[in-house]
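The following note was prepared for a colleague who wishes to examine the model before using it.

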Amino acid sequence: MLRIRIDSITDSGLNLDEREDAARLPLLNTVAGEGGLRFIHPVHVRIHATLSGETVLIDGIAETVVRIPCSRCLEPFDLKIKTDFSATAVPEIQPLIDPEPADEIELAADDMDVIAYSGDNIDLRDEIAQQIIMALPFKPLCRNACKGLCSRCGADLNQTPCQCRPLDEKSPFSVLKARTFPKKQE
Ligand SMILES: [Zn+2]
Ligand SMILES: [Zn+2]
């Protein structure tokens, strides 16, 4: 679901505790397809919403587990995602005569933390999906000490040390060390 019914928000606010299959959040589906990752737990969302006039103030926590390839060794691993967020939902203003104001409204609705709603409920799916996407690490690591792949033979160095020579033999200093300098000529 991941929807808030406006008329269910009481004076003390509304608490929502829901689990939704990530496949039912279209933005997460897109990211999973493009990024080679998979959401292996439902998205667990806890929300507190309060009403102020027609504006709805939302505070929430979203959690899930994603199976994502390590950026060093490329092995998929499970990463827990947990993110706090706040958002404001405002009624969508219907474009009346002039199409130009509608463009401006769309810009405002694109803003990450403003959700436009129409009718009597707020769809939280895109907001929550965006929060989870922002919480994904840019360079996921299966562990801090991941040794990655050998840049020469491609072996996973977490599994086996490969037979390649240590890279520091290629360092420019090793060339200097190995070199015998000719005696200075008079
Ligand atoms: Zn790794
Ligand atoms: Zn190697």
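**Confidence, fold and packing**

1. In this predicted model, pLDDT stays under 50 over residues 107–112, and the model has four contacts beyond four places in sequence for that stretch. Where pLDDT is low, the predicted coordinates should not be read in detail. Among the elements, helix α2 (residues 99–110) has the lowest mean pLDDT, 51, whereas strand β2 (residues 14–20) has the highest, 97. For the protein as a whole the average pLDDT is 85, and 78% of the residues score at least 70.

2. The secondary structure consists of four helices and eight strands. Their order along the sequence is β-β-α-β-β-β-β-α-β-β-α-α. Of the contacts between residues at least 6 apart in sequence, 61% join residues at least 24 apart. Buried residues account for 16% of the 186 residues.

3. Strand pairing involving β5 deserves attention. β5 and β6 are antiparallel and pair over 14 bridges, with L57 opposite T88 in β6. β4 and β5 are likewise paired in the antiparallel sense, over nine bridges, and here V45 stands opposite A62 in β5. Strand β3 (residues 38–39) is joined to β5 by two bridges, and these strands run antiparallel; F39 has V66 in β5 as its bridge partner.

4. In the hairpin of β4 and β5, two residues lie between the strands, and G53 in the turn has a positive phi of about 65°. In the hairpin of β5 and β6, six residues lie between the strands, and L74 takes a positive phi near 70°. For L74 this is a positive value in a residue other than glycine. L74 counts as partly exposed because it has 13 C-beta neighbours inside 10 Å.

5. A further positive phi occurs at L2, near 55°, again in a residue other than glycine. L2 is found in the segment before β1 (3–5). Is L2 buried or exposed? L2 is buried, because 21 other C-beta atoms lie within 10 Å, and the cut-off for a buried residue is 20 or more.

6. The largest nonpolar core has 25 residues, of which V43, I128 and I132 touch the most other members. β4 (43–52), β5 (55–69), β6 (76–91) and α3 (125–135) each supply at least two residues of this core, and β5 gives the largest share, five residues. In soluble globular proteins, nonpolar side chains tend to be buried together.

7. Which residues does V43 contact, leaving aside its neighbours within four places in sequence? They are R19, E20, A22, L25, A62, T64, I128 and I132.

8. The buried residues of α3 are E127, I128, A129, Q131 and I132. An α-helix has 3.6 residues a turn, so residues three or four places apart point the same way. The elements covering the buried residues of α3 include α1 (26–35), β4, β5, β6 and β7.

9. The packing of α1 against α3 can be described in more detail. The axes of the two helices come within 7 Å and cross at roughly 35°. On the α1 side, L27, L28 and V31 take part, and they meet D126, A129, Q130, I132 and I133 in α3. By class, this contact has six nonpolar, one polar and one charged residues.

10. The last point concerns G119, which is placed in the loop between β7 (114–117) and β8 (121–123). Is G119 buried or exposed? G119 counts as exposed because it has 10 C-beta neighbours inside 10 Å, and the cut-off for an exposed residue is 12 or fewer. The C-alpha atoms of G119 and I6 are separated by 8.9 Å, although the two residues are 113 residues apart along the chain.

Terms used: Residues numbered from 1 in each chain as written. Chains lettered and ligands numbered in written order. Predicted model: local features only at pLDDT ≥ 70, side-chain atom pairs only at ≥ 80, totals over all residues. Core = buried A, V, L, I, M, F, W, Y, C linked by C-beta atoms within 7 Å. Contact = placed C-beta atoms within 7 Å. pLDDT = per-residue confidence, 0-100. Pairing = 2+ DSSP bridges. Axes fitted to C-alpha atoms, helices over the stretch in contact; angles between N-to-C directions. Nonpolar A, V, L, I, M, F, W, Y, C, P; charged D, E, K, R; others polar.
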